Amino acid sequence: PLSPDTVGGDPMGLPYSTFDHSRAHYFRYDEHVSLCLEKLSSSKDKSKAVLQQKYVRCSVRAQIRHLRRVLCHRLGLPLQHVQILFDNEPLPDHMTMKQLWLSRWFGKPAPLLLHYSIKDKRR
Amino acid sequence: QEEEEQEADNFMFEFSDKPLLPSYNLQVSVSRGPCNWFLFSDVLKRLKLSSRIFQARFPHLEVATLPRAEFQRQVSLSQVLAQEEVPASPELAPGTAETVELVHYEPELLQLLGSAVEYQAWSS
């Protein structure tokens, strides 16, 4: 005996569950990337701020600017003072995690290694 | 106010001092869009809990089952998962489970796992 939910057939043979399709595009349902954020220390860097929780996961649609903002928030620093780099190259604010992953890390295992640098306030 | 934060479409960032358990973007049912899951066995191992105790203590955290072949098919389509990270099919020994158990990726579970969660609006 088929219940109405299984009429038409679920090719995976999986149970019916309620899902709000009006929210299916939400960022929380996006695929994730895993990152590791290491501090790039320079002799000019007087700041002692270091991210204790350096393993980060977020949506593939998040951009470098979003990552910079959460990083600054966690470090208690103003936005202009933190830069995010890959391989010593500062990353553009509008680059998404998916663009970053496909252009710099394709086929490599997680997490993607990023660096951040903190500018001295007096410069 | 907390509800508003939950309902709004914000980016969620997870922070941890330990390497993160892998999460998988999967469609577990045709009546539902893809979303994120952990392997239940990974979570139980990290929390040092049995499945029975986990489900008794956190009955509201959603656990789902997916045929193993379907799990592997979906995971192999990801562009951001390296193939060596796709959990290998166990030897086809008699008695091997043909399904994988999953637990839904959500803020409460992340906190249980020791991660911190931060939100960031797209427009910020």
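Predicted model: local features only at pLDDT ≥ 70, side-chain atom pairs only at ≥ 80, totals over all residues.

Me: In which sense do strand 1 of chain B and strand 6 of chain B pair, and over how many bridges?
Reply: Helices (H or I, at least four residues) and strands (E, at least two) are DSSP runs, numbered from the N terminus, and two strands pair if DSSP finds at least two bridges between them. B:Phe11 stands opposite B:Gln120 in strand 6 of chain B. Strand 1 and strand 6 of chain B pair in the antiparallel sense, over five bridges.

Me: How many residues of strand 6 of chain B are buried?
Reply: Buried means under 20% relative accessible area, exposed over 50% and partly exposed in between (1.4 Å probe, protein chains only). In chain B, buried residues make up 44% of the 124 residues. Strand 6 (residues 116-120) of chain B is largely enclosed by the rest of the structure, because the number of its five residues that are buried is four.

Me: What area do chain A and chain B bury between them?
Reply: The contact (heavy atoms within 4.5 Å) takes 47 residues from chain A and 51 residues from chain B. Buried area is the accessible area (1.4 Å probe) that two parts lose on being put together, summed over both. Carbon and sulfur atoms carry 55% of it, and the area is about 4200 Å².

Me: Which residues meet in a salt bridge at 2.7 Å between chain A and chain B?
Reply: A salt bridge is a side-chain nitrogen of Lys or Arg within 4 Å of a carboxyl oxygen of Asp or Glu. The count between chain A and chain B is two. One of them, at 2.7 Å from N to O, joins A:Arg74 and B:Glu118.

Me: Is A:Asp30, which meets A:Arg61 in a salt bridge, buried or exposed?
Reply: The side chains of A:Asp30 and A:Arg61 meet at 2.7 Å, N to O. The pair links distant parts of the chain, with A:Asp30 in the segment before strand 1 of chain A and A:Arg61 in the loop between strand 2 and helix 1 of chain A, 31 residues apart. A:Arg61 is partly exposed at 35% relative accessible area. With a value of 10%, A:Asp30 is buried.

Me: Which parts of chain A does the salt bridge of A:Arg104 and A:Glu89 tie together?
Reply: The side chains of A:Arg104 and A:Glu89 meet at 3.0 Å, N to O. The pair ties together parts that are 15 residues apart in sequence, because A:Arg104 lies in helix 2 and A:Glu89 in strand 4 (residues 89-90) of chain A. A:Arg104 is partly exposed at 22% relative accessibility, and A:Glu89 is partly exposed at 33%. The parts tied together are therefore helix 2 and strand 4 of chain A.

Notes
Residues numbered from 1 in each chain as written. Chains lettered and ligands numbered in written order. Heavy atoms only, no water.
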